[in-house]
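Here is a short walk through one model, from its surface to its pocket and its charged pairs. Have the viewer open as you read.

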Amino acid sequence: MTKLIEYEEASDEVRAVYDDIRATRQNDYINNFWKAIANHPPTLQRTWQAVKEVMTSPGEIDPLMRELIYIAVSATNGCEYCIASHTAGARAKGMNDTMFGELMAIAATANMTNRLANGYQIQVDERFKT
């Protein structure tokens with residue numbers, strides 16, 4: 001397992017990112033994902049900036065939907081950590097058990113049909129091309 005960098009032992013560069021995470025999320029908790037990648041401060045900074053921009057910037061997709069998309073992709077990629085953390089985030093934004101079940105059904109069905117389409121090497125219909 002990777003060493004987790006706690007705030008008290010972090011460099012000034014890492015603390016600055018941790019402080020931004022706390023301010024953005026409006027709580028003092030820094031989860032293990034950030035503590036692990038803090039072992040390489042440039043990766044911590046780059047990753048946090050990307051996640052912050054995608055998950056919190058104004059846009060057409062509301063915060064709950066962003067979390068649901070993150071869960072679906074994480075389930076597809078088999079990332080237990082991201083499934084757990086973004087499920088917690090989605091629940092905090094209003095996701096209930098029924099929504100989670102529907103999300104998993106959609107992700108599972110998409111995975112199945114994606115494999116079929118790839119396996120059969122199906123040509124894309126002209127009307128679907130932009």
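## Ground rules

Buried means under 20% relative accessible area, exposed means over 50%, and partly exposed is anything in between (1.4 Å probe, protein chains only). This is a predicted model, so to speak of local features needs pLDDT of at least 70, and side-chain atom pairs count only at pLDDT 80 or more, while totals for chains, interfaces and linings use all residues. Residues are numbered from 1 along each chain as its sequence is written, and side-chain values use heavy atoms, with hydrogens and water left out.

## A greasy patch

Start with methionine 65, which is partly exposed at a relative accessible area of 38%. You'll find methionine 65 in helix H4, residues 63-77 (helices are DSSP runs of H or I with at least four residues, numbered from the N terminus).

Together with Ile61, Ile69 and Val73, Met65 makes a nonpolar surface patch of about 320 Å². A patch here takes residues with over 30% relative accessible area and no salt bridge, and nonpolar side chains (Val, Leu, Ile, Met, Phe, Trp, Tyr) are joined within 5 Å. Areas come from the Shrake-Rupley method with a 1.4 Å probe.

## The largest pocket

The largest pocket has a volume of about 700 Å³. Its lining counts 25 residues, and Arg25, Glu67, Ser85, His86 and Gly89 are the closest to the centre. On a 1 Å grid over the protein atoms alone, a pocket is an open set of points with protein on both sides within 12 Å along at least five of seven lines, and a lining residue has an atom within 4 Å of a point. The volume is the space filled by probe spheres set on those points, which are joined across faces, edges and corners.

Which helix gives the most to the lining of the largest pocket? That's H5, with seven residues. Helix H1 (12-25), helix H2 (32-37), helix H3 (41-56), H4 and helix H5 (80-92) each supply at least two. By type, the lining divides into twelve nonpolar, nine polar and four charged residues.

## Salt bridges

Side chains of opposite charge can pair when their charged atoms come close. A salt bridge is a side-chain nitrogen of Lys or Arg within 4 Å of a carboxyl oxygen of Asp or Glu, and the count comes to six. One of them joins aspartate 20 and lysine 52, at 2.9 Å from N to O. Aspartate 20 sits in helix H1 and lysine 52 in helix H3, so this pair ties together parts that are 32 residues apart in sequence. Aspartate 20 is partly exposed at 22%, and lysine 52 is partly exposed at 24%.

Glutamate 67 and lysine 93 meet in another salt bridge, at 3.5 Å from N to O. Glutamate 67 lies in helix H4 and lysine 93 in the loop between H5 and helix H6 (97-119), so parts 26 residues apart in sequence are tied together. Is glutamate 67 buried or exposed? Glutamate 67 is buried, with a relative accessible area of 9%, whereas lysine 93 is partly exposed at 41%.

## Two glutamines with positive phi

Glutamine 26, in the loop between H1 and H2, has a positive phi near 55° without being a glycine. Glutamine 26 is exposed, at 73% relative accessibility. Glutamine 121 is not a glycine either, yet has a positive phi of about 50°. Look for glutamine 121 in the segment after H6, where it is exposed at 70%.

Notes:
Patch = residues over 30% accessible without salt bridge, like charges linked within 9 Å, V, L, I, M, F, W, Y side chains within 5 Å. 1 Å grid on protein atoms, 1.4 Å probe; cavity = no way out; pocket = protein on both sides within 12 Å on 5 of 7 lines; lining within 4 Å. Nonpolar A, V, L, I, M, F, W, Y, C, P; charged D, E, K, R; others polar.
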